[in-house]
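Please keep the sequence and the structure open while reading.

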Amino acid sequence: MEDIITTGEEIESIPQRRSLLGRARGFFAGDTVIWLILIALMLGSIVVVFSAVSQEAFRAEARGGLFYGEFLKHLLLILVSFIIVSVMSRISSKFYQQFSFTFILLCIGLLVYTLVAGAELNEGKRWISLFGFTIQPSEISKVAVVNYVAFSLWKDEGRTSLNTFIRTWWPVGAVILLIVFENISTAAFIFLITVVTTIIGGINKKYTGYLILAAMAAGLVLVMFKLFTPDAEGVGRSETGHNRIMRFVTKMFKPVNEETYDDIMGMDYQVVMAQKAIANSNLIGKGAGRGELRQWLPAAYSDYIYNVVVEEYGLAGSVILLFTYIIFFWRCGKLANQSRSNYKSTLLYGIGLTITGQAVMNMMVATNLLPVTGQTLPFISKGGSSYIFMSMFFGLALSVSREIQASRRRQEAEASGIEGMPEVDMEEIPDYVPAAEATPRP
C-alpha cells in the first residue's frame with residue numbers, strides 16, 4: 001500500500017511539475033514533431049561537422065589559428081539559429097504576411113547590389129558584406145519567395161485569374177533573373193519550388209504550363225547559342241554551369257573509373273573522391289570521426305557532407321537522415337491540411353518542399369545523380385548565411401503550426417462547453433465536428 005499512496009509533499013509538488021512542463025511547452029512554441037526534427041538535425045550537424053572540418057582545422061592551426069576555431073564558429077551559428085527559430089515561432093504569422101512584399105523587394109535590391117558591388121568568389125558575384133557579416137542574398141531569397149507566393153495566393157480568392165498569376169510571378173521572376181547567371185542551380189531550384197507551390201496553392205495550371213514551356217524554350221535557345229558559338233564568353237558563372245552540365249551528361253551512367261573520369265586531379269576530382277567515400281562505407285559505416293576520404297574531399301563540410309555521413313554512418317545513417325527530411329515534409333503537409341487559411345497551408349507546403357527538396361538535391365549530387373550544384377544539406381552542412389536563413393524556414397513553420405494548434409484547441413474547447421479560452425483567428429482550421437455528430441465510417 002505504501003507504494004501507491006501519494007504523500008502530502010508529493011501532492012504539493014504536482015502543480016510545480018505541471019508548471020515546469022508548461023514553461024517547457026511555452027518555450028518550444030509550435031509543433032512538437034518539427035521541434036524534434038530541428039533539434040535532431042542540429043545535434044547531427046554538430047557531430048558530422050566536427051569530423052568534416054578536419055581539413056580546415058589543420059590548415060587553421062598551420063596558419064597559427066585555433067585548431068577548433070571553425071567548429072566553435074559552427075556551434076555559435078547553431079546557437080544563433082536556435083534563437084532565431086525560437087523568436088520567430090512566437091511572432092504572429094500576420095506579421096510575415098504584411099511584410100512579405102516588402103521582404104521580397106528588399107531581396108531584389110540586395111541581389112541587384114550583389115551584381116554591382118558584390119564580392120567575387122569562384123568566378124562569380126554571389127556574396128555581399130553587411131555590418132561586418134558576409135551573406136549570400138540568393139539564400140534569403142528562397143525564404144522571401146516562398147512567403148510571398150503564399151501571401152499572393154491568399155490575398156486574392158480568384159487564384160486562377162491572370163492578374164493573380166502575374167502578381168505572383170513577376171517578383172519571383174525578377175529574383176530568378178538576378179540569380180541565374182551567377183548561380184544557375186539556385187535559380188532553377190527556386191523556379192521549380194515556386195511552380196509546385198503555386199500549383200498546390202491553386203494558381204491557374206494553364207498559365208503555369210505556358211510559363212514552363214517558355215522557360216524550356218529559353219533554355220533551349222541558350223544551349224543552341226552555346227553550341228553554335230562555342231567561343232562566345234559567358235555571362236557571370238554561366239560558363240561554369242554549362243561545363244558542369246555537359247560533363248555530367250557525357251559521363252552519365254558510366255562507371256567511375258580512370259577511363260570515364262580521366263581528369264581525376266582536375267575537373268573530375270570532386271566527383272571521384274565523393275564516390276570513393278561512398279564505396280569506402282558499408283551498412284553501418286566506419287564510425288564517427290573515422291572516415292578516411294574527408295581529409296581529401298573538397299567541401300566535405302558543406303556541399304559533400306552527405307558523403308561524410310555515408311562513409312562514417314553507412315547506409316543505415318544515410319537512410320535515417322533521408323527519412324528525417326521526408327518526415328518533416330509529411331508533417332508540414334499534415335499541418336497544412338488542418339488549416340483553413342490558404343496562406344498558411346501554401347506556406348507550409350512551400351517550406352516542406354524547399355527543405356526536403358534541397359536535401360534530396362544535395363544527396364543526388366553527392367551520389368552523382370545530378371551535376372554539381374553547390375546546394376548545401378539543410379541544417380547539417382556547415383555554413384553561414386545558408387544555415388541562418390534555413391532556420392527562418394523552421395521559424396515560419398513553427399509560427400504557423402502554433403496558431404493552427406491553438407485554434408483547434410479553442411474550437412474543441414468551445415464544442416465541449418469550456419469557456420475562457422484565448423481569442424484566435426478561426427480562419428486557420430476546418431470546422432470542428434464533435435465525435436458524436438461525426439458520420440460513422442462504413
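## Leu 77 in helix H4

Leu 77 lies in helix H4, which covers residues 69–89; helices (H or I, at least four residues) and strands (E, at least two) are DSSP runs numbered from the N terminus. At 16% relative accessibility Leu 77 counts as buried, a word used here for under 20% relative accessible area, with exposed meaning over 50% and partly exposed the range in between (1.4 Å probe, protein chains only). Not counting residues up to four places away in sequence, Leu 77 touches Gly 383, Gly 384, Tyr 387 and Ile 388, where contact means heavy atoms within 4.5 Å. Leu 77 and Gly 383 are 306 residues apart in sequence, yet their C-alpha atoms are 8.3 Å apart in space.

This is a predicted model, in which local features need pLDDT of at least 70 and side-chain atom pairs count only at pLDDT 80 or more, while totals for chains, interfaces and linings use all residues. Residues are numbered from 1 along each chain as its sequence is written, and side-chain values use heavy atoms, with hydrogens and water left out.

## Ser 381 in a loop

Ser 381 is found in the loop between helix H14 (342–366) and helix H15 (385–415), and with a relative accessible area of 3% this serine is buried. Its side chain takes part in polar contacts, meaning pairs of N or O atoms within 3.5 Å, of which, within protein, one must be able to donate a hydrogen and the other to accept it, residues adjacent in sequence counting only if both atoms are side-chain atoms. A polar atom of the Ser 381 side chain lies 2.7 Å from the backbone oxygen of Ser 302, and the side chain also reaches the backbone nitrogen of Leu 377 at 2.9 Å. Apart from neighbours within four places in sequence, the contacts of Ser 381 include Ser 45, Val 49, His 74, Tyr 301 and Tyr 387.

Among the buried residues of H6 are Phe 103, Ile 104, Cys 107, Leu 111 and Thr 114. Seen down the helix axis, the buried residues of H6 fall within an arc of 160°, so they line one face of the helix, the arc being that of the directions from the helix axis to the C-beta atoms. The face of H6 turned away from the buried side carries the exposed residues Leu 106 and Val 116.

In helix H9 (residues 184–201) sits Thr 194, which counts as buried at 1% relative accessibility. Beyond residues up to four places away in sequence, Thr 194 touches Val 145, Val 149, Trp 169 and Val 172.

## Overall make-up and confidence

The protein has 15 helices and three strands, and buried residues make up 46% of its 442 residues.

The average pLDDT, the predictor's confidence in each residue from 0 to 100, is 80 for the protein, and 75% of the residues score at least 70. Confidence is lowest in helix H1 (residues 8–27), at a mean of 51, and highest in H14, at 94. Over residues 1–18 the pLDDT is below 50, and this stretch has two contacts in the model beyond near neighbours in sequence. Where pLDDT is low, the predicted coordinates should not be read in detail.
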